[in-house]
Amino acid sequence: MQKLAQKHQNFFIFLQKRLDKKHFQGLPLTIFSSSLIYLVLLFAGIVEDIVRSDIIVSIDERFASLLTIFRTPNLIKFFIWITLLGKAQIILVFSVIVLLILIWQRKRLFILPFIISVVGSGVFTYLSKLFFHRARPDLAFYQERTFSFPSGHATVAVAFYGFLAYLLIRNAKKWKHKIDIFFSFFVLIVLIGFSRLFLGVHYLSDVWGGYLVGAIWLILAISLSEYFLFQKNNLRSRKNKLFSFALIILGIIFY
């Protein structure tokens, strides 16, 4: 191993820097970049399946037909309330509330990443719908005017509620609370996506594609947030060191 490390010093130095926990350009950026590339490849794969009309299209149609059997008035009412949590007007109001809270609590570092997550994912989904022109399922409980792929509700569920979960998890002090927050928002995101399937306004691949788009923008937003926090901590650390050094100098001068 020592001979290998000496022979390829540049590679191992690069690898060591990529795994460094002290700097954002180290392990944090490596994890974020790997996750982002993986999600982009997944999204490209599902786009290819839909364009080529592979087996996923037949699965979409059969799954949509299957869910119509389980529709009851009570379940329809329940999932209509759930699907409202992903509606553009509701998300807009919730986003304004979140921004006001961030401003009030002086956590302005998260404002830009939050806007990027929500607005970026929404614009990307809108353009994707126009590009793919995929029709809605024929067995929809009610008619939607926009195209089907990817699901806007699934996208914004991950981009908005995912970032909200990130903020709460980051501020939670106990691991128990972090886990509770994660699974609560995970269930909520799954329910919003399933509500689109149950009401028949989206195919299964639409929701999966929406989840991937939302996750891509969520990772970008979290990466930017962590970068800002690293920069702030480094600046604070420099100020603390400078202040400590100044006090030491004063002590020496007094001596």
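Predicted model: local features only at pLDDT ≥ 70, side-chain atom pairs only at ≥ 80, totals over all residues.

Tutor: In helix α7, the buried residues are Ile-111, Pro-113, Phe-114, Ser-117, Val-118, Gly-120, Ser-121, Thr-125, Ser-128 and Lys-129.

Student: What span should α7 have, and how far apart are its end C-alpha atoms?

Tutor: Helix α7 covers residues 111-132, which is 22 residues. At 1.5 Å a residue these should span 32 Å, and the end C-alpha atoms are 31 Å apart, so the two values agree.

Student: Which residue follows α7, and what is its phi?

Tutor: His-133 follows α7, and its phi is positive, near 55°.

Student: Is Arg-106 buried or exposed?

Tutor: Arg-106 has a relative accessible area of 73%, so it is exposed.

Student: Changing topic to charges: how many salt bridges does the structure hold?

Tutor: The structure holds two salt bridges. One is formed by Arg-170 and Glu-226, whose closest N and O atoms are 2.8 Å apart. This pair links distant parts of the chain, 56 residues apart: Arg-170 belongs to helix α8 (residues 152-171) and Glu-226 to helix α10 (residues 204-254).

Student: Where is the salt bridge of Lys-176 and Asp-180 located?

Tutor: Both residues lie in helix α9 (residues 175-198), four residues apart, which is about one turn of the helix. In general, an α-helix has 3.6 residues a turn, so residues three or four places apart point the same way.

Student: How accessible are Lys-176 and Asp-180?

Tutor: Lys-176 is exposed at 56% relative accessibility, whereas Asp-180 is partly exposed at 37%.

Student: On to rings. How many aromatic pairs does a search of the whole structure find?

Tutor: The search finds 15 aromatic pairs. One of them is Phe-131 with Phe-132, an edge-to-face pair with 5.1 Å centre to centre and 85° between the planes. Phe-131 is exposed, with a relative accessible area of 68%, while Phe-132 is partly exposed at 24%.

Student: Which residues form one aromatic cluster?

Tutor: Phe-94, Phe-110, Phe-114, Phe-160, Tyr-161, Phe-163 and Tyr-166 form one aromatic cluster.

Student: Finally, His-202: where is it, and is it buried or exposed?

Tutor: His-202 is found in the loop between α9 and α10. At 2% relative accessibility, His-202 is buried.

Student: Which side chains make polar contacts with His-202?

Tutor: The side chain of Arg-136 makes a polar contact of 2.9 Å with that of His-202, and the side chain of Ser-151 makes one of 3.5 Å.

Student: What else is His-202 in contact with, leaving aside neighbours within four places in sequence?

Tutor: The residues in contact with His-202 include Lys-129, Pro-137, Phe-147, Arg-196, Leu-197 and Val-207.

Terms used: Residues numbered from 1 in each chain as written. Heavy atoms only, no water. Salt bridge = Lys/Arg side-chain N within 4 Å of Asp/Glu carboxyl O. Helix = DSSP H or I, 4+ residues; strand = E, 2+ residues; numbered from the N terminus. Buried < 20%, exposed > 50% of the residue type's maximum accessible area, 1.4 Å probe, protein only. Expected span 1.5 Å × (residues − 1). Phe/Tyr/Trp six-rings, centres within 6.5 Å; stacked < 30°, edge-to-face > 60°. Polar contact = N/O pair within 3.5 Å; in protein donor to acceptor, adjacent residues only side chain to side chain. Contact = heavy atoms within 4.5 Å.
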